[in-house]
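Here is a short note for a colleague who is opening this structure. Please keep the model in view while reading the points.

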Amino acid sequence: MIKKIFSMILIVSAMMIFTIGMTSASSEKITNGNGYSQITYDNKYYTIEKTNFFKENNQGGLSDPNEYYLLNLKTSMKNKYKINSAKISYYHYYSDDKIDDGEVQRETKYITIKSKDKSSIYIKAPNTSKDYYEIHSATISFTKNGKKATTNVVQPKKYTWTYNKLLTGKTAKVTINQKGYGTYGAYQDNYEITTYNKLKITTKSSKYHIKSVKLYYYDPKTFNINSFTFKGNGKTVMTIIAPHKYLQIYCLNLKLSYY
């Protein structure tokens with residue numbers, strides 16, 4: 001009798017350990033990751049690429065984003081124009097400790113950058129974890145057919161954008177690829193439309209069979225964020241396309257459930 005009871009205890013204990021193991025791996029919320037976004041402005045004479053590299057922590061926040069600007073002459077312009085340098089004007093935002101409420105202050109700064117290949121200019125925004133910098137204008141010095149001149153770079157109203165992110169969790173990794181277009185002008189004229197929206201989930205082990213995926217989508221037309229739940233059907237690799245055109249994946253609360 002004692003042997004039977006002891007055997008039953010062992011069986012129950014084993015089942016409990018198995019169940020606990022399954023429970024701990026039955027779902028996971030994945031938020032940690034890194035990625036980059038890129039906006040491309042197209043002008044008659046040049047293109048401007050603004051690239052932002054970022055990391056996301058488990059609270060869904062960004063940490064120390066790094067911004068880069070690249071101005072490229074169009075191929076048809078490279079024989080006529082040679083870029084010499086760019087004078088960048090930017091805002092430096094900082095918190096003034098001398099003011100009781102820590103009000104954010106702004107000052108204008110300038111920096112001159114020389115072109116290395118004469119057909120492009122590369123600018124790195126000097127952002128830090130404490131301060132924030134915003135480039136608002138640039139004057140390009142160039143040579144046209146041997147004559148020197150300057151021009152102010154104006155940000156075009158229309159642009160295209162891409163967004164790529166990799167989220168990593170204990171049970172799976174998630175890649176997000178998006179692209180679209182938008183306009184920049186007065187506040188009421190700003191909009192951004194998503195034309196390509198793909199998310200791919202790859203579990204790190206064949207023992208993780210996806211039961212469901214809960215995502216959040218942002219609608220730029222209504223400014224609403226809605227959740228969608230997709231069935232995994234036991235897959236270990238799963239691809240999701242936005243259920244409606246123009247919706248943008250908002251993955252700060254992506255949750256995976258397993259069988």
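How many aromatic pairs does the count come to?

1. The count comes to 12 aromatic pairs. Keep in mind that this is a predicted model. One of the pairs joins Tyr208 and Tyr258. Their ring centres are 5.2 Å apart, and the planes stand at 40 degrees to each other. That makes the pair tilted, because stacked needs under 30 degrees and edge-to-face over 60.

2. Where do the two partners, Tyr208 and Tyr258, lie? Tyr208 is in the loop between strand S12 (191-203) and strand S13 (210-219). Tyr258 belongs to strand S16 (residues 248-258). The pair therefore ties together parts that are 50 residues apart in sequence.

3. Is Tyr208 buried or exposed? Tyr208 has a relative accessible area of 14%, so it is buried. Tyr258 is buried too, at 5%. The cut-off for buried is under 20%.

4. Other rings deserve a look. Tyr36, Phe53, Tyr68 and Tyr122 form one aromatic cluster. The charged end of Arg106 sits over the ring of Tyr91, 3.8 Å from its centre. The charged end of Lys87 sits over the ring of Tyr110, at 5.2 Å from the ring centre.

5. Now the strands. Which strands pair with S2? Strand S3 (residues 46-56) pairs with strand S2 (residues 33-42) over 10 bridges, in the antiparallel sense. A hairpin of 3 residues joins S2 to S3. Asp42 has Thr47 in S3 as its bridge partner. Strand S10 (residues 158-168) also pairs with S2, again antiparallel, over 9 bridges. Here Gln38 has Thr162 in S10 as its bridge partner.

6. Next, an open sheet. It is formed by 4 strands in the order S6-S5-S8-S9, with antiparallel pairing. Which strands stand at its edges? They are S6 (104-114) and S9 (147-153). Each has a single partner strand, so one side of each is left without a neighbour in the sheet. Neighbouring strands of this sheet are turned by 20 degrees against each other on average, direction ignored.

7. Look at one pairing within that sheet. Strand S8 (residues 132-144) and S9 run antiparallel and are joined by 7 bridges. Ser141 has Thr150 in S9 as its bridge partner. As background, side chains in a regular strand alternate between the two faces of the sheet.

How values were computed. Residues numbered from 1 in each chain as written. Predicted model: local features only at pLDDT ≥ 70, side-chain atom pairs only at ≥ 80, totals over all residues. Heavy atoms only, no water. Pairing = 2+ DSSP bridges. Helix = DSSP H or I, 4+ residues; strand = E, 2+ residues; numbered from the N terminus. Axes fitted to C-alpha atoms, helices over the stretch in contact; angles between N-to-C directions. Phe/Tyr/Trp six-rings, centres within 6.5 Å; stacked < 30°, edge-to-face > 60°. Buried < 20%, exposed > 50% of the residue type's maximum accessible area, 1.4 Å probe, protein only. Lys NZ or Arg CZ within 6 Å of the ring centre and 35° of its normal.
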